[in-house]
Amino acid sequence: MKLFSGAEWNGFQKCISRGELQVSLSYQPVAQRMTVVVLKARHLPKMDITGLSGNPYVKVNVYYGRKRIAKKKTHVKKCTLNPVFNESFIYDIPTDLLPDISIEFLVIDFDRTTKNEVVGRLILGAHSVTASGAEHWREVCESPRKPVAKWHSLSEY
């Protein structure tokens, strides 16, 4: 039984793709600070019914266990599905709390007329659901002071 032809499967995959986000993390143990840089996104899906380009921004939430302890967001990048943000945020995180910290990235399409829509989500740290997210966090913790940048596929919110 064959469900999809190659072309159909590629089209189906494109429909469910939420795009990708490139972020860089660096932990300074002496200062007990995490630097988070939202670098860029690519292949974001069109969210508007009109099919016009998106106006994405990224909301960064830091959690200790299940409790949000910090939130920040990037500027909106107008009319692009491949935005470059290059915005960094610094969070004070004591070293002993690192194993219980998660950083959530929500890529959101800003819309002036209707409700802003979440395009996709990425979680790094204690509650990372992907192998690449867990690996990125491990590298950051094992390489203090060194910025570690990686691309991640966004998942549904």
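## Sheet

In this predicted model, 4 strands form an open sheet with antiparallel pairing, in the order 5-2-1-8. Strands (E, at least two residues) and helices (H or I, at least four) are DSSP runs, numbered from the N terminus, and two strands pair if DSSP finds at least two bridges between them. Strand 5 and strand 8 (148-153) are the edge strands, each pairing on one side only. From one strand to the next, the twist averages 20°; axes are lines fitted to C-alpha atoms, for helices over the stretch in contact, and angles run from 0 to 180 degrees between N-to-C directions.

Strand 1 and strand 8 run antiparallel and are joined by 6 bridges. L25 has V148 in strand 8 as its bridge partner. Helix 2 (residues 131-142) packs on the sheet and touches strand 1, strand 2 and strand 8, where contact means heavy atoms within 4.5 Å. The direction of helix 2 makes about 170° with that of strand 8.

## Positive phi

Most residues other than glycine have a negative phi. Q32, in the loop between strand 1 (20-28) and strand 2 (33-42), has a positive phi near 55°. Q32 counts as partly exposed because its relative accessibility is 32%; buried means under 20% relative accessible area, exposed over 50%, and partly exposed in between (1.4 Å probe, protein chains only).

N86 belongs to strand 5 (residues 84-92) and has a positive phi of about 50°. At 54% relative accessibility, N86 counts as exposed.

## Basis

Local features need pLDDT of at least 70 and side-chain atom pairs count only at pLDDT 80 or more, while totals for chains, interfaces and linings use all residues. Residues are numbered from 1 along each chain as its sequence is written, and side-chain values use heavy atoms, leaving out hydrogens and water.
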